[in-house]
Amino acid sequence: MINDFPRVRFAPSPTGYLHVGGLRTALYNYLFAKHNKGKFILRIEDTDRNRYVEGAVENLIAALKWCGLEYDEGPDIGGSFGPYMQSQRLEFYAHHAKDLIEKGYGYYCFCTPERLETLRNEQQKQKLPQAKYDKHCLHLSKEEVEKNLADGIAKVIRLNVEPNQKIIFDDIIRGRVEFDSNNVDDQVLIKSDGYPTYHLANVVDDHLMKITHVVRGEEWLSSTPKHILLYDFFNWEKPEFAHLPLLLNPDRSKLSKRQGDVAVEDYRAKGYLKEALVNFVALLGWNAGDDKEFYYMNELIEKFTLERVNKAGAVFDLDKLNWLNAEHLRKKSDEEILPVLKNEIQNSKLKIKNYEDEYLLKIISAMKERVSFVHEYLSKSPYFFEAPKEYEQSSIAKNWKEETPGQLKKLSDAFEKLNNPVKEDYENALANVAEELKVGKGKLIHPLRLAVSGMSTGPGMFDLIVILGKEETQKRILIAIERINH
RNA sequence: GGCGCGUUCGUCUAGUGGUCCAGGACGCCGCCCUCUCAAGGCGGAGAUCACGGGUUCGACCCCCGUACGCGCUACCA
């Protein structure tokens, strides 16, 4: 047994941002670890110097933390098995690669990129079933190797794959998977720049870090035989493997930037709640086997098992994400939403205005059932923040009759007499005016809404004017009477 | 091309041989509630369980094949 409690890792390469697919992988690792009282580790796979992106690691960490995925060990917080950046662990890889060579499981290769290119073209022309390295350098004599090494000729270290072997492993999600070693290439383990490739680094680190379960994307399934071989060559105990299905675009291709947002920070910027994103992504490929769809992180931890992860890819469906966002937003208290709303205001043209918290809290309460995003408080009920500048045409046509201005004037007069009115006072006043005029209440309510909000939709009419206050309401009624001509 | 993985309503999914002429959710449509819009309640449309063969008294569930999709096939991860 590798370790008493599970140890899992999320091992992204720092290419700039956290992809939602990466988030899902990280989340499943996290949930699995927490569910089983294990450890969740962040390891940065930065062994490709050509792909180095400034600030990528910081972005990744920020996105992970925003989502609530706190890791137990990682580059910025350390741990007993560090360092957690592969670029800082080169000596481990070099040491183990050398060990492989000594045992005959690895060998130096001095072939130039040109020769490899030619070889590939040749194999393609001959329509060989599988294009692989031809083990040319495996047959170099000891003296030749020594001489090349001494001459400082560019070299890599390759895995020596023995032909005609069955490589079998049991994937937690997919069951038994079988490969033929004839289809496994003599993979480069150490590149000519001295850095390891993913395959070596991943196996060495997972062993050294006592990783018990490798939970990663399906794109790794095909290279798992190489990893299995390495574990066997090193004589190391193998972790369990679980290969997750892919996240897809609406057209079922692999989720990509071209067809929408893929970065966690994009969704954050658009106003999605982390609770909703995490909830949604958790359900893309997993379910507890019941009808529950609304989850908080602690509930996910309690319910999550790898055995219930699906095999097939899942389309990232924005409609459902939006719905979950609305659900999570409604579950939040007004006080929790307040700072977010204030932040939205600061980022809008309304930032020069100053609204009392008390006022904003009333708006939050009135609009809560009507918004899916915090920024919709501004876009769906602008009238709480500024008097209407124009009035909805369709509502004018429908509700603003010839007699309306006179009726609203009467209503305004009635409101004027009210002293510190509460909701019921407005209701009674309006009812009285309606009776006096012998019209239905709706005949007054709809034009009144139009006058004070400029719109035809929103919270209950009386809630609306209570929030606006008597003075503002009166002002808006009079302005509307003046400005709306029918 | 080769190897691997996958395939249940538009989408996410339940389903592990009979309880499924397939259940839930999102979205869509209708009704109710109602001063509007939402929310909520109720109802509806929507899947010949990719297709074709087996196995079985019986298959969405087991086996084989085909098709389609996706992944991998780098000194990228």
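Which strands does a hairpin join through three residues? Select β5 and β6: the hairpin runs from β5 to β6. The model on screen is a predicted one.

**Stop 1: the hairpin**

Now pick out F169; the residue standing opposite in β6 is V177.

**Stop 2: the open sheet**

Next select β3, β4 and β7. These three strands make an open sheet, ordered β3-β4-β7, with antiparallel pairing. Strands β3 (106-109) and β7 (188-190) each have a single partner strand, so they stand at the edges and one side of each is left without a neighbour in the sheet. From one strand to the next, the twist averages 45°.

Zoom in on β4, residues 156-159, and its pairing with β7, which is antiparallel and spans two bridges. Select I157 and look across to β7, where I190 is its bridge partner. Strands of a sheet pair through backbone hydrogen bonds, so display backbone atoms here.

R158 lies over the face of the Y133 ring, 3.8 Å from the ring centre.

**Stop 3: aromatic rings**

How many aromatic pairs does a search of the whole structure find? The search finds 20. Begin with Y198 and W220: their ring centres are 3.8 Å apart and their planes are at 20°, so this pair is stacked. The two residues come from distant parts of the chain, 22 residues apart. Y198 belongs to helix α6 (residues 198-208), while W220 is in the loop between β8 (213-217) and α7 (224-234).

W220, at 25%, counts as partly exposed.

Move on to Y383 and F384. Their ring centres lie 5.0 Å apart with the planes at 55°, so this pair is tilted. Y383 and F384 are both buried.

Then select Y267, Y272, F280, F316 and F373 together; ring pairs link these residues into a cluster. To finish with rings, show K292 and Y295: K292 lies over the face of Y295, at 5.0 Å from the ring centre.

**Stop 4: RNA strand B**

Select RNA strand B and the protein around it. It is surrounded by 59 residues, of which the closest are R174, E293, E369, R370 and H446. Of the RNA strand B atoms that come within 4 Å of the protein, sugar and phosphate account for 74%.

- S13: an N or O atom of its side chain is 2.9 Å from a sugar or linking oxygen of RNA strand B.
- T47: a polar side-chain atom lies 2.8 Å from a phosphate oxygen of RNA strand B.
- K191: an N or O atom in its side chain is 2.8 Å from a phosphate oxygen of RNA strand B.

Now colour the elements that give two or more residues to the surface near RNA strand B: α4 (113-125), β4, β6 (175-180), β11 (314-315), α11 (318-331) and α18 (442-453). Which element gives the most to this surface? Select α11, which gives four residues.

Technical notes. Residues are numbered from 1 along each chain as its sequence is written. Chains are lettered from A and ligands numbered from 1 in the order in which they are written. This is a predicted model: local features need pLDDT of at least 70, side-chain atom pairs count only at pLDDT 80 or more; totals for chains, interfaces and linings use all residues. Side-chain values use heavy atoms; hydrogens and water are left out. Two strands pair if DSSP finds at least two bridges between them. Axes are lines fitted to C-alpha atoms, for helices over the stretch in contact, and angles run from 0 to 180 degrees between N-to-C directions. Rings of Phe, Tyr and Trp (its six-membered ring) pair if their centres lie within 6.5 Å; planes under 30 degrees apart count as stacked, over 60 as edge-to-face and the rest as tilted. Buried means under 20% relative accessible area, exposed over 50%, partly exposed in between (1.4 Å probe, protein chains only). A charge sits over a ring if NZ of Lys or CZ of Arg is within 6 Å of the ring centre and within 35 degrees of the ring normal. A residue is near a molecule or strand if one of its heavy atoms lies within 4 Å of it. A polar contact is a pair of N or O atoms within 3.5 Å; within protein, one must be able to donate a hydrogen and the other to accept it, and residues adjacent in sequence count only if both atoms are side-chain atoms.
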